[in-house]
Each structure stands twice: as C-alpha cells, then as structure tokens.
Amino acid sequence: MRSGRPSPFFTPVGADPKLQEERLHWLDQNPERCLAEAKQGAELLEQCADLAAQWTGSSPSRDKGLLAGLAKFWETDFLLLNRQDFTLAAGCVCLPSSWSLQDSIGKTLTEIHGRVPELNPSIGSSIERFLGRLPPDRIFYRENWSLTRSGDLNYHPDLQRPKLCSGISESELFFRIEHQAFAKLPD
C-alpha cells in the first residue's frame, strides 16, 4: 500500500484505448451484470459524485442515473462500501476477476471474501481495520494480481472462462494485475 492523491487515479487520462473500449463494450452490452446498487447506495453515490467533481474538475452525467453516469465517467471499475458494516452498497464492475457483483451486492466484505480460501481468518480483520481508519483526505493505492487461463479481461462467472488446473501449459497462464485505490467518502 502507498499513499497518494486521488486526482491522478480518478481523472480521465485516456487509459489504454483497447482496455477502455472493452470496458465500455461490457457496460453497454450487459449493464445489469456490470452495475448494481443496494438500498443505501443512492446516498453513497451522491457523495461519490461530489468527490468525482472535486478530484477531476467535472461531473458525471445523470442522464441514465448516477451509477451509470459514474461508470462511464471514470476509466475504472469502482465499489462503494457502507462504512458502518462494510456492506457493498453500489458499484460498477465491467472486468471482474472470477466474481459477480450481483451475487455480492448487499453482502458484507466478510461474506464476499468468504469464498477466498483462508483470506478471512488470516487478514479479514486487518482489512476492515484498514478501511475503518482511512483518512478522508488521502487515498491508498495497491496492485492486486492473479493468474488466469486466458487473456480475457472479463472473468465474470457467467462467462465460464477456462479455470486453472493441474497439467496446464505455461502458454495457458496469464498474469492479471489490477490497480486499486481506496478512498473514504466524506460522510
């Protein structure tokens, strides 16, 4: 983890056009798979839109709803957690790494991470402590990596991408890196 300012991460910079094209393809083709909002999501989305305007100097469109507006405004997927119980309240995930936003919306971070072997017992409480202590004026960055069996970026479970298993060749392995940022909403 490293600390920094939010503007460099969230300001549109013309990310890899191919990556952005694929992200928008999935968002346009299957928005119900890419977007989700629980009851408490609306208030968090409003706060998020306010921060987006502060960080970038412009505001997302609200023509098709704030969630869809933020999804197209940023060049990144995003998740909003309720601070009280770390419940997933809203998000946009166009290029998931073997998980479903719809299956996770409204669940706690502990429930979501429950499918990752040994994660909750080993670092679950540390993750919640870290998120609970985020200062409102800074952002924290990290890279998260995984291995996949194809170069496809959208590894949503419904797409039934090939899974890792014993006996696969080196040419079937792909190294996936996600650039992540953690920020605290003001309220």
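Biologist: What makes α4 count as roughly parallel to α5?
Modeller: The axes of α4 (residues 41–56) and α5 (residues 66–73) come within 10 Å and cross at roughly 30°. That makes α4 roughly parallel to α5, because angles under 35 degrees count as roughly parallel, over 145 as roughly antiparallel, 65 to 115 as roughly perpendicular and the rest as oblique. The axes are lines fitted to C-alpha atoms, for helices over the stretch in contact, with angles running from 0 to 180 degrees between N-to-C directions.

Biologist: Where do the numbers and the element names come from?
Modeller: This is a predicted model, where local features need pLDDT of at least 70, side-chain atom pairs count only at pLDDT 80 or more, and totals for chains, interfaces and linings use all residues. Residues are numbered from 1 along each chain as its sequence is written, and side-chain values use heavy atoms, with hydrogens and water left out. Helices (H or I, at least four residues) and strands (E, at least two) are DSSP runs, numbered from the N terminus.

Biologist: Is the crossing of α4 and α5 left-handed or right-handed?
Modeller: α4 passes α5 in a left-handed crossing. The word left-handed applies if the near helix is turned anticlockwise from the far one by less than a right angle, and right-handed if clockwise.

Biologist: Which residues make the contact?
Modeller: From α4 you get L45, E46, C48, A49, A52 and T56, and from α5 L66, L67, L70 and F73. Contact means heavy atoms within 4.5 Å. By type, the residues of this contact divide into eight nonpolar, one polar and one charged. Here Ala, Val, Leu, Ile, Met, Phe, Trp, Tyr, Cys and Pro count as nonpolar, Asp, Glu, Lys and Arg as charged, and the others, Gly among them, as polar.

Biologist: How do you know that α5 is mostly covered?
Modeller: Six of its eight residues are buried, namely L66, L67, G69, L70, A71 and F73. Buried means under 20% relative accessible area, exposed over 50%, and partly exposed in between (1.4 Å probe, protein chains only). The cover over the buried residues of α5 includes α2 (17–29), β2 (35–37), α4, β3 (78–82) and β4 (87–92).

Biologist: Now N82, in strand β3. Why is N82 called buried?
Modeller: Its relative accessibility is 14%, so N82 counts as buried. Leaving aside neighbours within four places in sequence, N82 is in contact with Q40, L44, T87 and A89.

Biologist: What makes the pair of N82 and Q84 a polar contact?
Modeller: A polar atom of the N82 side chain lies 2.8 Å from the backbone nitrogen of Q84. A polar contact is a pair of N or O atoms within 3.5 Å; within protein, one must be able to donate a hydrogen and the other to accept it, and residues adjacent in sequence count only if both atoms are side-chain atoms. In helix α7 (residues 109–113), the side chain of E111 reaches the backbone nitrogen of T108 at 2.8 Å.

Biologist: And H156, why does H156 count as buried?
Modeller: H156 comes in at 4% relative accessibility, so H156 is buried. H156 sits in the loop between β5 (139–148) and β6 (174–183), and touches R33, P96, W99, S100 and Q102, not counting residues up to four places away in sequence. A polar atom of the H156 side chain also lies 3.0 Å from the backbone nitrogen of D158.

Biologist: What stands out about the phi of S98?
Modeller: Phi of S98 is near 70°, a positive value in a residue other than glycine. Most residues other than glycine have a negative phi. S98 is 58 residues from H156 along the chain, with 5.2 Å between their C-alpha atoms. At 32% relative accessibility, S98 counts as partly exposed.

Biologist: Is Q160 buried or exposed?
Modeller: Q160 has a relative accessible area of 68%, so Q160 is exposed. Q160 lies in the loop between β5 and β6, and its phi is near 50°, a positive value too.
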